[in-house]
Amino acid sequence: MTAVIREGAYIIPIEGPPVEKLRRENPFVRVVRVPRDIYAGQDRIFPTLGIDMVVVCREDLDESLVYALTAQLFEAFPRLSGVEANLRFLNLDEAPATPIPLHAGAARYFRERELSR
Amino acid sequence: MLSAAALLWIGYRAVVEREQAATLVATRRAGEGAALLIAALTRDMRGAQQMVLSSADRDGLTARPPVDLLHPIASAFARYPYLDAFFSWRDVPAEESPVFYTRAERAPVWLSAQDHQQLFPVIVSSNGTMASRLLPRVQQDLAEGRRFSIFDMELGGTRYQIVTLLSYADTLRERPSAIFGFMVSLQWAREHYFKDLVAQAARIEAGESAIDFAIVDQAGQSVVGVTRVTANVPGAERRFPLVFFDPVTVAADPPSDLSIASWRAIATAQHDPTLAAADSGARRTLALATVMTLVLTAGVWLSLQAARTGARLADMRADFISAVTHELKTPISNMRAIHETLASGRTTLETSREYGAMGIREATRLSRLVDNLLAYARITDVADAYSFEPVMLETVVDRSLQEFEPHLTHEGFELHVELPEDLPPVKADPTALGLMLNNLVDNAIRYSRGTHWLQIAAHRENATVVLEVSDRGMGIPEGEIERVTRKFFRGSLSNAGGSGLGLAIVDRIVADHSGTLVIRSIVGQGTTVAVTLPVAAETSGRARRASQT
């Protein structure tokens, strides 16, 4: 991306009524604000569209296995965010808001996390 | 016995106190369990109001297009299962109606079918009917400038508790700008929410203690679980209001259309491992204490019996030694005195004869005592030394009277001998029979006291001969008759000397002759000893056996 910008490309903000229409029809599309200085020469915050990172599994996967996987993933986040920059912006409270239905194992994990707060 | 009782008491107290301690621990655990459940319940039930509504307001989401609320609502649905739907309404610009956000997986009955066709967990829709019911009620609170609009309402056949955050464009709360609220189906919560929450709370707490949880509504009906706190089941109860918001919000001015029911959370420690351990420990301790007490009691009783018997035997032996010593020494010292007198040469012929007769009496007495001692040792050790033969009682009586003649004459006895001429001979050992009769006569003389009267009588009774020796002496107390035939026993009235062996020897000889011994006595009137012996022609089994050896 940085190389492309260096060669003359530039970033344009995506916003306005068409975006609202798109989001109404596709609720999983989100408005994202790219922070300043993420890309070379980017001197201001600009709005764009984004979608969530989602871990997807088959519906018939064992509930306790999915529960254990979800628990392991969330335990690993503090370490993973040091490796993968995008994870720094993750809002753990909104993590259960997946664009497709939660697997029963993951739902159980989020519920127990809520009760154990 | 005291120590046994003390042991049992200490064991019992230890068990009771241990059980009380275990019950206290279990009750405290149950109390902690109930407190934890209440804490989890209240925090969770207030979570949607405190976390979702407040954050949306803080982040300015209530003033933004409905689509911006989708993700917080999807997250809220995953975190708080009691939420059935959210709704929002913005005054600027005046949109058509409130927007409803419902669960995709648990769509309410009032949602139209075409709205279901999507995977996203939140379904956005508008519903004019619902809005026309809901909005006027909320607007009352908006008009009053309230921060929250909280009430119960029946919508589409379901009773909801509705919690709404009200936003205003001005600080005086005169210009409403937006509302954002949620709806909780009280029926669904009753049927599912509490059951799931109790199961999840128990799973989170699992492993520490076995606590059973139950939830009971305001009417006492069970919502979750069936356990009850009774005298035997340690447990605790806590009350909580059935509200999905912080009750402080409406504490000052509660709305008339909101009913706050008071429910109870109950925790019981019926299956607490401490209790079970205390129970089994109590049973073991009590069983052990009981067994130990029984063993101790039996041991104490046996020791007491042994000590009593030993003491009695020692007393009897001491009496025997002293009696025998006295019996042996008296004739010896008498004979010594007689011989000293004779040796002094100061006696006449007349007195010498008298002293000689006295010497014979003393020698006879000494000889009888030695005979008795030897006989007792002999007949108790070698019972088969008898030599049975037909014996005429007359001969034995004559011999015995001859032996006692000096005594009887000297003490002036009135003597009656009644022996029928046709008395058949008895099967007996002559020496033993003589010893038996001597002892009976000796006793009669010894215990005669004032009335010197002696009768020896015999008669036939079927195949036996009954020999009776009677006196009119001091008699034997009724309680002692049974014991006078025991060796070393001397009656309580006895102070006439004697070894305590006489009647024991008689009893033994009679038994060895297959006979019977009956003693009849009245204190102060006299004693009759009746000995039954088989006649010679009809020898008993025992006598035959004895004679064959």
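In what order do the 5 strands of the open sheet in chain B stand, and what kind of pairing does this sheet have?

Reply: The model is predicted, so a few limits apply: local features need pLDDT of at least 70, side-chain atom pairs count only at pLDDT 80 or more, and totals for chains, interfaces and linings use all residues. Residues are numbered from 1 along each chain as its sequence is written, while chains are lettered from A and ligands numbered from 1 in the order in which they are written.

The order is 12-14-15-17-16, and the pairing in this open sheet of chain B is mixed. Two strands count as paired if DSSP finds at least two bridges between them. At the edges of the sheet are strand 12 (414-418) and strand 16 (516-522) of chain B, which each pair on one side only. On average, neighbouring strands of this sheet are turned by 15° against each other, direction ignored. For angles in general, axes are lines fitted to C-alpha atoms, for helices over the stretch in contact, and values run from 0 to 180 degrees between N-to-C directions.

Start at strand 12 of chain B. Its pairing with strand 14 of chain B is parallel and has 5 bridges. E418(B) stands opposite A457(B) in strand 14 of chain B.

Strand 14 (residues 453-461) of chain B is also joined to strand 15 of chain B, by 8 bridges, and these two run antiparallel. One of the pairs is E461(B) with its bridge partner T464(B) in strand 15 of chain B. The two strands make a hairpin with 2 residues between them, and there N462(B) takes a positive phi near 55°.

Strand 15 (residues 464-471) of chain B has 6 of its 8 residues buried, so it is largely enclosed by the rest of the structure. Buried means that 20 or more other C-beta atoms lie within 10 Å of the residue's own; 12 or fewer means exposed, anything in between partly exposed, and the C-beta atoms are placed from the backbone. Strand 15 of chain B pairs with strand 17 (residues 526-534) of chain B as well, in the antiparallel sense, over 8 bridges. There V465(B) has L533(B) of strand 17 as its bridge partner.

Now the other sheet. It is open, is formed by 6 strands of chain B in the order 3-2-1-6-5-4, and is antiparallel. Strand 3 (122-126) and strand 4 (148-155) of chain B are its edges; each has a single partner strand, so one side of each is left without a neighbour in the sheet. From one strand to the next, the twist averages 20°. At one end, strand 2 (residues 99-103) and strand 3 of chain B are antiparallel over 5 bridges, and F100(B) has S125(B) of strand 3 as its bridge partner.

Helix 1 of chain B packs on this sheet, touching strand 1 (83-90), strand 5 (158-168) and strand 6 (176-185) of chain B, and its direction makes about 35° with that of strand 5. Contact means that the C-beta atoms of two residues, placed from the backbone, lie within 7 Å. Helix 2 of chain B lies across strand 1, strand 2 and strand 3 of chain B, at about 120° to strand 3.

These two helices also meet. Helix 1 and helix 2 of chain B pack at an angle of about 170° with their axes 11 Å apart. That makes helix 1 of chain B roughly antiparallel to helix 2 of chain B; the word applies over 145 degrees, while under 35 is roughly parallel, 65 to 115 roughly perpendicular and the rest oblique. G47(B), A48(B), V52(B), S55(B) and A56(B) of helix 1 of chain B meet P72(B), A76(B) and R79(B) of helix 2 of chain B. By class, this contact has 5 nonpolar, 2 polar and 1 charged residues. Ala, Val, Leu, Ile, Met, Phe, Trp, Tyr, Cys and Pro count as nonpolar, Asp, Glu, Lys and Arg as charged, and the others, Gly among them, as polar.

Terms used:
Helices (H or I, at least four residues) and strands (E, at least two) are DSSP runs, numbered from the N terminus.
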